Structures are given as C-alpha cells and as structure tokens.
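Here is a short note for someone opening this structure for the first time. Please keep the sequence and the model side by side while reading.

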Amino acid sequence: MTSATGSATISTFLTGATGSQILAGGSISVLSKVSNQASGDVFGLALGAVGVGASVADATTNGTNIAHAGGPALKGSSVQILAESADIAYAHTISGAGGILAGSGSVPTATSSPSAAPSPS
C-alpha cells in the first residue's frame, strides 16, 4: 500500500497595528494562491502455484487558504480579497498475478478537499 498526503494551512494578512492606517489612492488587492499535490503509484505482481496479490494506492490533498485584509483603517478606491486553492490528488495502481490459481486486485483512491476563504474585517 502506498499513501501520499498533501496538506498545508496558509494565511495571508494585510493588517495594520492599533492606531495605524493603510491608505491607497487606488485599489487594494490581497491574493493568496495555494496548490497542494499528492501522488500515489503502486505496481504489484504475485507469481507461484497460487498467486494472489493486491495493489492499493491512496492520495489525499486538503488544506486551508485564508486571505485576510483589515485593521483599524483600510481605505482605497476598492478593496479586493481573493483566496484560491488548486489541489491535485492522483492515485495509480497496476496489479497482476500468475499461477495455476491466480487473482489480483487494484484499488486506487484519490481525494481532494481544499478550503479557501477571503476574510475582510
């Protein structure tokens, strides 16, 4: 069995300390992009008078991406807050068996569950 997991928690902040101001004559943009990747590959072979085998691969991606903008004073002609998550999970198996009595199985599983959230305050 092969297991691969890609997981990260990313927080991007644009904030000011107490009493400070963030002022822009134009637009303000906060963009956070995250990509988690996991890949699981298995090759299994069973040989003999009785050949039985199984190949199992599991790939999972998850994580959290938060973009935050705020503070005591955040002023601009526009404020844009974006959080993007592009996760990829890939599982691949090859299974084979040979013999008088032979059997094989192959079980690939790929799961992706990203979370992204813009957070104004």
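This is a predicted model: local features need pLDDT of at least 70, side-chain atom pairs count only at pLDDT 80 or more; totals for chains, interfaces and linings use all residues.

1. Strand β4 covers residues 37–47. Its side chains alternate: Ala38, Gly40, Val42, Gly44 and Ala46 point to one face and are buried.

2. β4 pairs with strand β8, residues 88–98, in the parallel sense, over 11 bridges. Within this pairing, aspartate 41 has histidine 92 of β8 as its bridge partner.

3. A nonpolar patch on the surface is formed by Phe43, Leu45, Leu47 and Ile94, which together have about 470 Å² of accessible area. Strand β4 gives the largest share of the patch, three residues. Leucine 45 sits in β4 and has a relative accessible area of 56%; the cut-off for exposed is over 50%, so leucine 45 counts as exposed.

4. The largest nonpolar core consists of six residues: Ala4, Ala38, Val42, Ala57, Ala59 and Ala91. β4 and β5 (50–69) each supply at least two residues of this core. Another core lies apart from it and has five residues, including Val30, Ala69, Ile81 and Ala83.

5. Which residues does valine 42 touch, not counting those up to four places away in sequence? They are Thr2, Ser55, Val56, Ala57, His92, Thr93 and Ile94.

6. One salt bridge is found in a search of the whole structure. Glutamate 84 forms a salt bridge with lysine 33, and their closest N and O atoms are 4.0 Å apart. This pair links distant parts of the chain, 51 residues apart: glutamate 84 is in strand β7 (residues 78–85) and lysine 33 in strand β3 (residues 27–34). Glutamate 84 is partly exposed, at 38% relative accessible area, whereas lysine 33 is exposed, at 60%.

7. Alanine 102 belongs to strand β9, residues 101–120. Its relative accessibility is 46%, so alanine 102 counts as partly exposed. Apart from neighbours within four places in sequence, alanine 102 is in contact with Gly51 and Ala97. The C-alpha atoms of alanine 102 and alanine 4 are separated by 29 Å, and the two residues are 98 residues apart along the chain.

How values were computed. Residues are numbered from 1 along each chain as its sequence is written. Side-chain values use heavy atoms; hydrogens and water are left out. Patches are made of residues with over 30% relative accessible area and no salt bridge: like charges are joined within 9 Å, nonpolar side chains (Val, Leu, Ile, Met, Phe, Trp, Tyr) within 5 Å. Accessible areas come from the Shrake-Rupley method with a 1.4 Å probe; for residues, only the protein chains shown count as cover. A salt bridge is a side-chain nitrogen of Lys or Arg within 4 Å of a carboxyl oxygen of Asp or Glu. Helices (H or I, at least four residues) and strands (E, at least two) are DSSP runs, numbered from the N terminus. Buried means under 20% relative accessible area, exposed over 50%, partly exposed in between (1.4 Å probe, protein chains only). Two strands pair if DSSP finds at least two bridges between them. Contact means heavy atoms within 4.5 Å. A nonpolar core is a set of buried Ala, Val, Leu, Ile, Met, Phe, Trp, Tyr and Cys residues joined through side-chain atoms within 4.5 Å.
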